[in-house]
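Hi everyone, thanks for coming.

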Amino acid sequence: MIRNSFLVLITAGMAWILLDAVSGYQSREYLNDLSGYYATSGPEETGAANLVTAVVVTYRGLDTLGEVTILFLTATIIGFMLRTSKRREGSVRRATSEVLVTASNVLIPVIFLIGVYIFLNGHLTPGGGFQGGAVLASAMILWIMSQSGTKVSHSLLEITEAISGFGFVFLGLLGIILAGGFLDNTFLSLGTFGKLISAGAIPVIYSLIGLKVGAELSNIILVMNETQEAEQ
Amino acid sequence: MNLPGIEYLSLGLGIVLFLAGLWGIIHQKNIIKIIISFSVLDTSIHLILVSIGYMRNRTAPIIDSAVSKTDAASQVVDPLPQALVLTAIVIGVGITALMLTYALKLFNEKGTLEIDKFKSLKW
Amino acid sequence: MVNPVFIIVVLLGAGFLLGLFRKTGISLARVAGLLALAFPLYVSVGWMLHFIGQTAQPYVVYTAGTVPPFSINLRMGPDEAFLTAAINMLGFFGFIYLFRLFKSQGVSTIILYLVLFMGLNVIVMTRDIFNLFVFLEIASIALIGLVLVNKGIDALSAGFKYLIAVSVISSILLVGIGFIYYYSGTLNIDGFIENNSLVMKGLSTAVFLVLVAVVLELKAFPANGWALDVYQSAHPGISALISAGTATASLFVLYKLLPFGGHLWLQVAAVIGLVTFVGSNMLGIAQKNANRLLGYSSVGQIGLLVAVIGFSDDLGSHLRMIFFGLFISHFLSKAGLFWLSGMAGEEEISKWSVLRKKPALLLIFGMFVFSLIGFPPFPSFYGKWQLVMDLSGNGQILWIALILLGTMFEGVYLFRWLGFAIKHEVDESKAPDTAAEKMIPAGAFALLLLGASWVSNAYFPGAMKTSFLPLYFILFLFLIDFLPLVIKNTLSILSLGYYGWRLYPSIQDDTLRLVFAGIFLIGGMLTLFAGYSEKGKRPGFYPFALMMYAGLIGLVEADNLFGFFFAWELMTMGSYILIIRGKKSLVHAYNYMLFSLGGALLILFGIALTVAGQPDISLSMLASPAYPGWAYALLAVGFLTKTAALGLHIWLPGAHAEAESDVSPMVSGILLKAGAFGLVILFLAMGGGEAGRHPLLYALGWLGALTALGGNLMAVFQEDAKRLLAYSSVGNLGYILFAFSFMTHIGWLTGLTYSINHFLFKTLLFLAIGGVVMRVKTHNMYEMGGLIKRMPWSFIAVLVGIITLAGIPPLSGFAGKWLFYNAVIAKGWFLQGALVFFAGTIAFLYCFKLIYSVFLGQEKDRFRKVKEAPVWYIIPQFILIVGIMIFSARPEIVLKPIGALLSQAAFFPSEPLAWENVTAYTNLGYWSGFNIMLVIGAMFVVLLGWLLLMSRKAQKVKQFNIVYAGEAPFTPETTHFSHNMFAPYNKALGFLIHPVATQFWLGVNNTFHALAESARKIYSGNGQSYIIHIVAYIVVVYLILS
Amino acid sequence: MSYTFIVIIMGIIMLVMAFTAIYHKNLKVAVIASGIISLFASVIYIFLAAPDVAITEAAIGSALTVVIFFYVLNKIRLTDDTK
């Protein structure tokens, strides 16, 4: 009881702090200098129609690199934790229904293509590498569900993961060598605004991010699916 | 009728969810429940961040047929918080997955998910 | 210079690519990892060298082809270059340390390792708060992964606690960042600092959230349980990375972000840091697990560094210097200690004695411990000195007290630990792991520590004035430790002689210093002579013996307070190691160290209150301290811990009695004079004027008198010969304190005469008794007896010694007494004088007991075959006897010039002692040592001749056995005449020596241990409680702030 | 203005879901509740003119997270059954 009232007390304390933090909030009328710059110069500088993409891939590209790295780290750690334990060996699984197998055989390529479409168009429409990657991962989930019993090779995922990650870093590097700085996308031609092949390296980078995110998330799911952990 | 704008609502909602998540984290004993609370907390932070980037009567920060390049500054909402939230979401899912893996391993070691039971190290 | 962004490219690129080699190629991956880590080291060291010695502009890395605030920028300035160099150094050597581990753990761990260091580098360099958030997450997660290389529930649950704690903290951070963006419209650190003030409540709350999150990342006490578990359960090679690496990066984050909060947050950081420093170190004293203890210590040290950052405004231009000193010591030592922990392979601190099997490890361990606490010549010493001086300059007295208190706590557990390693019994079946990949990092960090010490000495103000020559010689002695004892002993003696010769011209006019230099150097040489009789190489003796002497002579040589304190600490360090060498010295050396450390901290405090931030740190500052009363009291008490004044004496008997035979005279006859010299310096500076009449001196006079009485009383009831001498030293130092407190001309002459006498006879007695003990293998006097026939030379030495001690004419002890009575009468302190006089009579009792029990009476069967003490013991004794004779016959050789010195206007010009040839006059009478010597000498010769003549007729009595009943008594000592020799006196006076002081200090000790024991229960081990602590901490800090 | 009601209603549902997520005994229900919070949040993001965030939250924050939760819950449940 004492504990609970203490918890209520500190939660109330946090509420108070947060209320203080929003105390100066009022609906915004204007963009501030920073976002104003993104809105006015962003399209020109990066060639991306989607300003969020411009910010994510270019202006705050280093954040994105870090974020991809975090996903990479978590996938690595999860793999490290779960793969070191026993693998499932010839365990009997519930048979997958015929319908699911057939449906997934049709759906997986479609979903995969949707994912690719999303990150290729990241500089033009909502969506991009993360969303596309998540869609790719969902294709993976479907595949795992339909292909129960068969083992999925990790190598392909690992190669995708490594190559796309390295490619991201490498493109960033090209930005230093060929353009104005690390992760500058303008070393490729900005192209015609609003077209698929435009915005310099953004589509390329976003594709790599998409592949990477997709591979990482798939990897996490795959490892979780395969692990024998907690199933003695 | 003079209703508050949705940005106020979503901001308030974010804060209440934040507190709810926090309450779950400090109050629930089950590790999975704690992790669920974390994901509520995460969502609430995203909500708060997106809300503070919102401006009324403006559109998404994408230049298309509706928004011209030249007028973008007066027509779109702030893209930056959205970019931050994108990053935060992906980080969040990574951490949630990591926590869950921990939960799995911890369960495997002790056969329980009660957080009070993992006190082998102390003082 | 290489663009620092390549650090990211190389580490991250390598990390990603290694993903391809997960299944195969661990060997390749290890090499690739090492090379990848060498690159950032090369880059950051390159930048560091670039910035050294010039004020180059920081290099800014722009990303995305745009300038900030629109894009993220990194900065490589001098601070960043230094810190990344440190981090990458850790990365490189830490990788070597884990080399074998990686083989069994696979490529994934190498990837985590590389990414961790990439993250840490960016954390230091980035100038964008959201970017900071992302890379803090990277570093935390990589670390959580690395924690898992230790299997089992401990590491797993610790990792989980860490994970959820860090997640909560980063959630707070993220919310804060969001609101900062909302209110200020920027995420750029520099942009924010330039354009924003915290008048708006929302913004200041946002800043609060960010800063409190950073503080929590730094493991602020007490919301830090989550980190301690990780320190304890992770592989030591990983804990080293947490303690040194992540903490470094987070510290710099705090440094970068603290300006957000303005002046208020500087104060907050100072308070939080010091609370952490004191609190964490206090809880550490109850901790027995090595890694967890290191965790407490890490948290504490980081707290101190946080406080230093918080003091930025007070420290001004010294900030970097102080931070460097404290930081680099913590960084190198803590990483090194964690590595050593892995090599020792023992969790219990008492089992670290296993390190003894590899003396090099023990040496490194000692270095790290001393450097953590802040002993010279390590950088933290300079840092702490400057910190304390600057704080006192700004009147932050309370903060100084807290810093010193925390340091004291730290000393309590670190010295206990070091003591265990040096002295605790060792498990023969175990050995430390000395694989090359572990030795290299530990050795490299030890060398870097030495390098950093050298740098500190070269750049700290005031530090340049200390002479490094003795230190180099000590280092040299370490290097030649493998040589035979004869060579090392001879070299040591010669070096003391040489140093004396070198020093003489500079102090020949300053008789006071000359006297003490003589005591230290000649005494040192004489006591070292005894070392020739030791067998074996005596590893590790000479460097520390010389360190003690270097410190002692440094005291004399010092012309400023810094040099004095430097020497003082050096002496403490060396003498501690010397004392702990004794067979049963573990506890006694520990007590000695704690009192010495406490004393040293008080001295430092006193100096700080004297100087109070002024640039002039010469000794003459003592004449007019900024806070006179406090400064004098602290300094005096500090020196009194060394002279073992009553109440502070409990360490002395054990330390002196249990030390090795030739170490006892060093520490008792010589080392104690360091305290006396400190008092001399202090009192002399107070001078004969207004300051010299401070009421404190009256109290000290009483203390001296009581010490004399108490010490002598306790000596009387000892059965242990060396303890008897040790307690006698307590009493004698009481005389000295008493005499100096007079602050009169004759009082001072008395004090100095006592000092010289005590040096002569106590060194003599300890050497003689040491020689006896060496032969009879016992300290108990009731087991000895009749040794006069076996050891006649030793007998003569003891006889001369006790005659001097007891103040019987013709020897110089009487000179002291004569001066003493004059001084007492002149000063009018009759009551205290009577006490001291009474103490003097008591001295007769134990003198008698000493010579009678040991040398006279019946010869014991066991000792019929014992030989005379080694000749190397006898020689210095007779040199000392000659010294006593000379000083007895011609005291004016020394006393006259001292008198002249004291007669200077600033000192004690009134009522000086008048000399006429060899006769001294006061208005009460006169005394001539030479004439007395002649008279008594003549009487002695006559009596001796008569005795010899008579003895021809004397009949020899055969020894007979006192045990007639045919059975040995059950407790043989009770049948010995000298056992409990003064039982009647004990009945009468025993209540006076009730061990009040011992009980008091035991009580202090127990109180703090109990406090620590109960306080650390908050670290319940429950991960959720740790989260609750974090939230509660945030709320409480916010409450306090608003 | 027209969104306001929708947001209020969704907000109330989200709070109920939050309560469910934290207090419901059945972990699966709790997970789904937290997924619904995420999903509704992504709808609110559309109203807040943040389609990118909305898609991401729906795909990653909601769907994927729930899937991962379920994988883990399955493993844990399997053990519970055998014991």
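This is a predicted model: local features need pLDDT of at least 70, side-chain atom pairs count only at pLDDT 80 or more; totals for chains, interfaces and linings use all residues.

Residues are numbered from 1 along each chain as its sequence is written, and chains are lettered from A and ligands numbered from 1 in the order in which they are written.

When I say contact, I mean two residues whose C-beta atoms, placed from the backbone, lie within 7 Å. Five pairs of chains are in contact, and chains A and C share the most contacts among them. Chains C and D, on the other hand, do not touch, with their nearest C-alpha atoms 15 Å apart.

Now to chains B and C. Their contact draws 32 residues from chain B and 35 residues from chain C. On the chain B side, α1 (6-27), α2 (31-53) and α4 (79-110) are the elements that each give two or more residues. Helices here are DSSP runs of H or I, at least four residues, and strands are runs of E, at least two, numbered from the N terminus.

What is that chain B side made of, in nonpolar, polar and charged residues? It has 24 nonpolar, two polar and six charged. Nonpolar covers Ala, Val, Leu, Ile, Met, Phe, Trp, Tyr, Cys and Pro; charged is Asp, Glu, Lys and Arg; the others, Gly among them, are polar.

Finally, chain A: eight helices and zero strands. In chain A, 72% of the contacts with a separation of 6 or more join residues 24 or more positions apart.
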